[in-house]
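Please keep the sequence and the structure in view while reading the points below.

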Amino acid sequence: MAGYIFRRILQAIPVLLGTTFLIYFMVFAMPGDPLLALFGDKTPNPALLERLRQEYHLDQPFIVQYFLYLGGILRGDFGTSFSGEPVSAILARTFPVTIRLAIMALFIEFVGGVLIGLVSGLRKGKLFDASALVVSLIFISLPIFVIAFVGQFIFGIQLGWARTTVSSGAPIQDLILPAFVLASITFAQIVRLTRASVIETQSLDFVRTAYGKGLTRRRIIPVHILRNSLIPVVTYAATDFGVLLVGATVTEGIFNVPGVGRTLYQAIIRGEGPTVVSFVTVMVLIYLVVNLVVDLLYGLLDPRIRYVK
Amino acid sequence: MSDRITASSDEQAPLLKIRDLQVGFQTTEGVVPAVRGVDLTLMPGQTLAIVGESGSGKSTTAHAIINLLPGPGRITGGSIEFDGKELTKYSEKEMEEIRGKLIGFVPQDPMSNLNPVWSIGFQVEETIRANGIATGRKEVRAHAIQVLREAGLADADKRLKQFPHQFSGGMRQRVLIGIGLSSRPKLLIADEPTSALDVTVQRRILDHLETLTRDIGTAVLFITHDLGLAAERAEQLVVMYKGKIVEAGPSKEILQNPIHPYTQRLVAAAPSLASRRIQSATHESATHALSDLDYAPTSVTEGLDLIAAAEQRLEHLPTTKRPDAIVVKDLTKVYKIRGQGRGASGEVIASDKVNFSVEKGTTTALVGESGSGKSTVARMILRLEDPTSGSIMIDGQDVAPLKGKQLLDLRRRMQPVFQDPYGSLDPLRNIGNTIGEPLHTHKVGDRTSRKERVLELLDQVALPQSLITRYPNELSGGQRQRVAIARALALKPDVVILDEAVSALDVLVQAQILKLLADLQAELELTYLFITHDLAVVRVIADNVCVMQKGRIVEAASTDDVFDNPQEQYTKELLNAIPGAGITLGV
């Protein structure tokens, strides 16, 4: 197991190098001078401009800039944003907020989706199943910002249960509404996936045999139907965690969450190479870790693909 | 018909009494009846077999007893009395008390009947706990080990933590038998418990099951499609056809004097029985006067009688020595396998210096259990896999160096038919395109001549021409296998490699296909390499037999010699494993 994890970490190195290089190159290739843009309408002082250029290594050729940046990362220095704040500080400020939001959304969509999907699958064709399908279809077809605005209107303004925007520091109670909004789309997918999986598992031979063995329905549903049905659902939900981090951009914007999405968007507009690349690098890292966790989880759920010890 | 059974019962009360059982399946077009008035009686400790083809309602009857019918299935009438209690009136809750505890169940396919995500130990232990046989972790565990040991897993204590995929099919079926018998039930329902297994494994498992149930005193309801197997394993037989019982009574009586035409057909078509009869015939006279037996073919069994097929085949057989169509010399295939954990890599010798030749226009059977290497040899001959060493000559031509167009020419002369009639046809191509595809690939003729050839082929394999626009999912298993054979014949090959081509089929369909193969061989002078695990079929179709074990040919001789005078212990085991070997037929 340890050997397997070690191999996976080794595999992650070229992936990280490749993605950072690509992102760095794309930011570099963006038209316009980022420093001039920073000054807006004002004519910049040439001496100041020159100093800034040197400070951010913008006078160096692309490949040198890239390696200087990489070398910095190895020393724990992610560079400095144009506002003078170290990028590592921005990372430390924004990522926890977005990750908190994503975990809350994941929890909501997984627990809710699996429960509703399970009941739907067990009662295929009944009223509960039909309504769950219709509701999930509605959620799938609505754009996330519509759901967000409706949520803000009903729960924030009409009922007054939640704040329409998140206060600084992003406390958990403020994040509940955005988390539900963020969860809504994948939640519908998980309902449908679980439902289909439960229906399929129910008709498998070993379930019939389980009844034949004298087991009760109360035992067969969690032990023999749910566990087997969860395998595809867990894979989907876990890879979706990465999507949640990125997909949070719109939701964060609407609810004014001080998270990754907003900050990254601004950095891209300003052409801040180190900031953009650092954010993407951390995201890639999270993706890789999540993928590894999914694969390990998969082995835990399904012994047939458990990794060679 | 059931009076034969009730007459044989003594004062003892029956354990299971089914009267006028009706089972229907709810569909959008109304209720489709699957079981239409079944009566049967099973005494305590007795074994009763229900025989019939797929769709005859035999499994549905068995499932109805413990209410394991799939979703839309309902008991629509009749009564099932078990130990004096009326089961049809039982609620689901009450039925849970009966299942597993009083009536054990052994399902058909060991591969799909254990939950792949739970360990073997877990699945045995939960049964023991659910039926209240033992309580407390240690007792339950001890009982699980005991149950598995009884079922024939000697190292059960070490294997409890293993998962189903780490067990062979035979071992899994032992686990399922252990589970079925774990609570010492009064009745065991065994639904084709061995039809997915090799014949030798089947024999060992059924022997074991017999001993176990006799010791415990469990009555067995045995479901099978093989009349020979049923007669060997059960005192009483019930033959089902289209949801009804057409004949019932003591096994031997039915076997020796089948009254209903359907039973007659089953007797004629069962390879196990046919091979026995052919065997006794060759013993009594030097000439192959096969049809002078107890059982004469009638119009009912037209096209199904294996003996007639075998005899007819022999008549057409060339008497003079013909050139060899296939010559295999020192054929070896070594697979490298990646080491499991220890970093060591190993080798598996799938085929070890295999030598044999097949005379033109004859049939050679390659026989062995799964894993014996017989399919590997077939794949190498087809050039689907390259041999590690050794040579293959087809019509005197070495196939190893062939490439491009020459290889295509070889493929034209040599065609395969595979086991699974469901997997070997493209579901998105209609039958006409499927059969015509080889013609298209090899650029034979134009559109109209190809279409004519396809129609001709459909005639040859006795399928209606109207099937040309149909799709595989609209066809039965037997029809699909006919399509596969037609496709193989499209290019007028000389050699046909039949890899378990009849193993997945019901006996009646199997008999029809075997007959068809025999007819085609006589008509087209085909050379067959027939790969199978079932020696009974070999008796009917093959001239020569090569018995393979662990990659080697351990015995090679003419079919008569192999059956009359087997040299190797392994061959004897295979012969003994033919169901019905223990039955003395009145011949």
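In this briefing, a surface patch is made of residues that have over 30% relative accessible area and no salt bridge, and like charges are joined within 9 Å. Lys and Arg count as positive. The model discussed here is predicted. In chain B, a positive surface patch is formed by B:Arg129, B:Arg137, B:Arg141 and B:Lys161.

**Two loop residues with positive phi**

- B:Lys242 is a residue other than glycine, yet its phi is positive, near 50°.
- The position of B:Lys242 is the loop that joins β9 (236-241) and β10 (244-250) of chain B.
- With a relative accessible area of 54%, B:Lys242 is exposed.
- B:Glu525 is not a glycine either, and its phi is positive at about 55°.
- B:Glu525 is located in the loop between α19 (507-524) and β18 (527-532) of chain B.

**The annotated domain of chain B**

- According to an unreviewed UniProt entry, the annotation "domain: ABC transporter" covers residues 16-267 and 326-575 of chain B.
- Over residues 16-267, chain B is 38% helix and 28% strand.
- The end C-alpha atoms of residues 16-267 of chain B are 27 Å apart.

**The make-up of chain A**

- How many helices and strands does chain A have? Chain A has 12 helices and zero strands.
- Taken along the principal axes, the C-alpha atoms of chain A fill a box of roughly 85 × 55 × 30 Å.
- Chain A has 309 residues, of which 44% count as buried.

**Annotated transmembrane regions of chain A**

- An unreviewed UniProt entry lists residues of chain A under "transmembrane region", including 132-155 and 175-194.
- Residues 132-155 of chain A are 92% helix and 0% strand, and their end C-alpha atoms lie 22 Å apart.
- Residues 175-194 of chain A are 100% helix and 0% strand, with end C-alpha atoms 26 Å apart.

Notes: Residues numbered from 1 in each chain as written. Chains lettered and ligands numbered in written order. Predicted model: local features only at pLDDT ≥ 70, side-chain atom pairs only at ≥ 80, totals over all residues. Heavy atoms only, no water. Patch = residues over 30% accessible without salt bridge, like charges linked within 9 Å, V, L, I, M, F, W, Y side chains within 5 Å. Areas by Shrake-Rupley, 256 points an atom, 1.4 Å probe, with all protein chains shown as cover. Salt bridge = Lys/Arg side-chain N within 4 Å of Asp/Glu carboxyl O. Charge placed at Lys NZ, Arg CZ, Asp CG, Glu CD. UniProt positions renumbered as here; feature names shortened; annotations may be inferred. Helix = DSSP H or I, 4+ residues; strand = E, 2+ residues; numbered from the N terminus. Buried < 20%, exposed > 50% of the residue type's maximum accessible area, 1.4 Å probe, protein only.
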